[in-house]
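Here is a quick tour of one model, with a sheet, some helix pairs and a ligand site as the stops. Keep the viewer open as you read.

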Amino acid sequence: MNKAIDYYSFITIEKQMMEKADLSELSFREVLAQYRSSTGEPQTKEIVSLALEKLKASGKEVRIYDSSKQFLGLAVDGIIINNGKPLIFEKNIEKALSGSYAYTVTEDHLLYFATPIQDQYYQNAYVYEFVEDISYFYRIMDQIRYILFAGAGGFIVLITLSSLWIARSTTKPIKLLLGAAQSFSRQEFRRVHLNRKDELGMLADGLDSMGRQLHDYIQYQKQFVSNVSHELKTPLAAIRGFSQYLVEGENENKELQKIYAHLLQESDRLTRLIHELLLLSRFDKAGSNELEVEKTEMNDLIQQVTASVGAKAKSKGIEIRFREAVAGEMLLTKIYACVNPMLMSHAIANLVDNAIKYSSSPSLIELKLEHTPSEVVIRICDQGIGIAGDELERVQERFYRAKNASTANGSGLGLSICKEIVERFNGYIDMESEIWEGTTVTIVLPRA
Ligand SMILES: Nc1ncnc2c1ncn2[C@@H]1O[C@H](COP(=O)(O)OP(=O)(O)O)[C@@H](O)[C@H]1O
Ligand SMILES: [Mg+2]
C-alpha cells in the first residue's frame, strides 16, 4: 500500500511538472522566435537574459544551459543572479539534451526538473531547469499514509470485534438449545425460548413445542399405567382370594390342585407387579418432601431385612452373611441416615432378592455396612450370574432385564424402584459386575 501511494503520487507530480515545463518551453521559444525576427542571428547572451526575465518566477530557482552543458544563467526566488555556481545534475542535463524530461529529488525534498528547448531547426539548443520545493507534497503524502493506516487499524479492530460479537451471538443460543436437548433426553423438560425471529428462534420454538408434547405424552402414559394398575388391583385381589380358597379346598384331585396352585402363584406375581407399578407412579407424582423421613439406624434396618429374606435364601441353599468385614466395631457404632425406614427396607430387600434370584446354590451373599464421616455405604455382594458390561448401565431403567436374566421371573422394575427410593433420600446406587462371577450393588446415602 505504501509503495502504491508513492507510485501514484509521483505520477501525479511528474505530470504537473511536465505541464509546467511545457508552458515554460513555450515562453522560451517565443523569446527565440522574437530574436530571429528582429535581429537575424540570435545572440545567446541576450536570449538567455530575456528568457530568464520571462521565466524567473517559474520556480524556486531557474537555470539555463546551452547544448554543450554550459551553465548560462540563474534566477533565485525570482531574482536574476549573474555569477551563481549552482549544483548541477549533469545526468539530467545530458538526458534533456537527448530530447526528454529528466528530474531528481534531493533529500531535502527539492525537485530539479530539466527540459530541452528546441530552436527553429528542431535542435535541442538549450536546457531549461527549474527547482521546486515539494516538501508540501511529502507532508500531504504522510498525512494520507497516516489516515490510511489509522483507518486500516480501526477497520481491523472493528472486524475483530464484530466477528467476536457474531460468534458469541450465534454460539450462545446454540449452546442453550443443545443444553435443552440434552435435558430433554434425561426426561427433564423445561421451556426453551430465544428472543429472536431468525432460524435459531424458530428452532427454539420447535424444540419448545416438542418438549411440551413429549412431557404431556409421558405424563399421559404414566397416568394411564397408574389408572390401569388401580383398576386391576381389586379384581386381582378377588382372583387371588378365590385361588387361595380353591387351593385349600381341593384335596382329592392332584391335577386340579396343581392348576390352582399355579393360579395362585401367577396372581401373586401379578399382584407384585401391580404393587411395583403403583409405587413407581406414587414416586412420579409425589414431591420429595411428601415422604416421611426419620433418622434411622442402618445396622438394625439391614438386620431386619436379612431376617425377613433369610428363609427364602436358605430354601435355595444360599447363605446370607451380614457384617463380617469390620466385626465388633460395627456393633458398637451406630450409623444413622435420614430415610423412610419402610421404603429403605423395601429397596434393600429388593436388592437382596435380586442377589438370591440371580445366584445358584450353594453360594454366599454378603451385606456390608461401611461409613465415612459424611456417607453411609451399604454393599450387597453376590456370586451369581453377573451382568454384561454393556447392560450394566441399563438395568436401572424401567422394565429392562438383562439377556441372561431369563433364568428367573421378574418385571424389570425392581432396580428402577430402588433407584427412585435411594435418590429420594439424596443418595445413589452404584453397580459393579463381572459376568458369571458376581455382582456388587452399592447404596450410598448421606450420613445423618
Ligand atoms: N444381583 C444380580 N445379578 C445379576 N443380574 C442382576 C442382579 N440384579 C439385577 N440384575 C439384572 O438387572 C435386571 C433388572 O433388575 P430388576 O429391576 O430387579 O428386575 P427383575 O424383575 O428382573 O429382577 C434383571 O433382570 C437382571 O438382568
Ligand atoms: Mg428384581
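Two strands count as paired if DSSP finds at least two bridges between them. With that in hand, look at Val-76, whose bridge partner in E3 is Ile-79. Bear in mind that this is a predicted model.

Strand E2 (residues 71-76) and E3 run antiparallel and are joined by three bridges. They belong to an open sheet of six strands with antiparallel pairing, in the order E3-E2-E1-E6-E5-E4. Which strands stand at the edges? Strand E3 (79-81) and strand E4 (102-105) do, each with a single partner strand, so one side of each has no neighbour in the sheet. From one strand to the next, the twist averages 20°. Helix H3 (residues 90-97) packs on this sheet, touching strand E1 (61-66), E4, strand E5 (110-118) and strand E6 (124-133). The direction of H3 makes about 30° with that of E5.

On to the helix pairs. Two packed helices are described by the angle between their axes and the distance between the axes. Here are both pairs:

| Helix pair | Angle | Axis distance | 
|---|---|---|
| H7 (residues 298-315) and H9 | about 40° | 9 Å |
| H5 (residues 199-249) and H6 (residues 254-285) | about 155° | 8 Å |

Take H5 and H6 to begin with. Angles over 145 degrees count as roughly antiparallel, and H5 and H6 are therefore roughly antiparallel to each other. Their crossing is left-handed. The residues of the contact of H5 with H6 divide into 14 nonpolar, eight polar and five charged.

Now for the other pair. H7 and H9 pack at about 40°, which makes H7 oblique to H9. H7 passes H9 in a right-handed crossing. On the H7 side, the contact residues include Leu-301, Val-305, Val-309 and Lys-312; on the H9 side, Met-344, Ile-348, Val-352 and Asp-353 are among them. The residues of this contact of H7 with H9 divide into 11 nonpolar, three polar and two charged.

Helix H9 (341-357) and helix H10 (414-424) each supply at least two residues of the shell around ligand 1. Which helix gives the most to that shell? H10 does, with three residues. Of the 21 residues around ligand 1, those that come nearest are Ala-402, Ala-405, Gly-410, Gly-414 and Leu-415. By class, the shell around ligand 1 has 10 nonpolar, nine polar and two charged residues.

Key: Residues are numbered from 1 along each chain as its sequence is written. Chains are lettered from A and ligands numbered from 1 in the order in which they are written. This is a predicted model: local features need pLDDT of at least 70, side-chain atom pairs count only at pLDDT 80 or more; totals for chains, interfaces and linings use all residues. A residue is near a molecule or strand if its C-beta atom, placed from the backbone, lies within 6 Å of it. Helices (H or I, at least four residues) and strands (E, at least two) are DSSP runs, numbered from the N terminus. Ala, Val, Leu, Ile, Met, Phe, Trp, Tyr, Cys and Pro count as nonpolar, Asp, Glu, Lys and Arg as charged, and the others, Gly among them, as polar. Axes are lines fitted to C-alpha atoms, for helices over the stretch in contact, and angles run from 0 to 180 degrees between N-to-C directions. Angles under 35 degrees count as roughly parallel, over 145 as roughly antiparallel, 65 to 115 as roughly perpendicular and the rest as oblique. A crossing is left-handed if the near helix is turned anticlockwise from the far one by less than a right angle, and right-handed if clockwise. Two residues are in contact if their C-beta atoms, placed from the backbone, lie within 7 Å.
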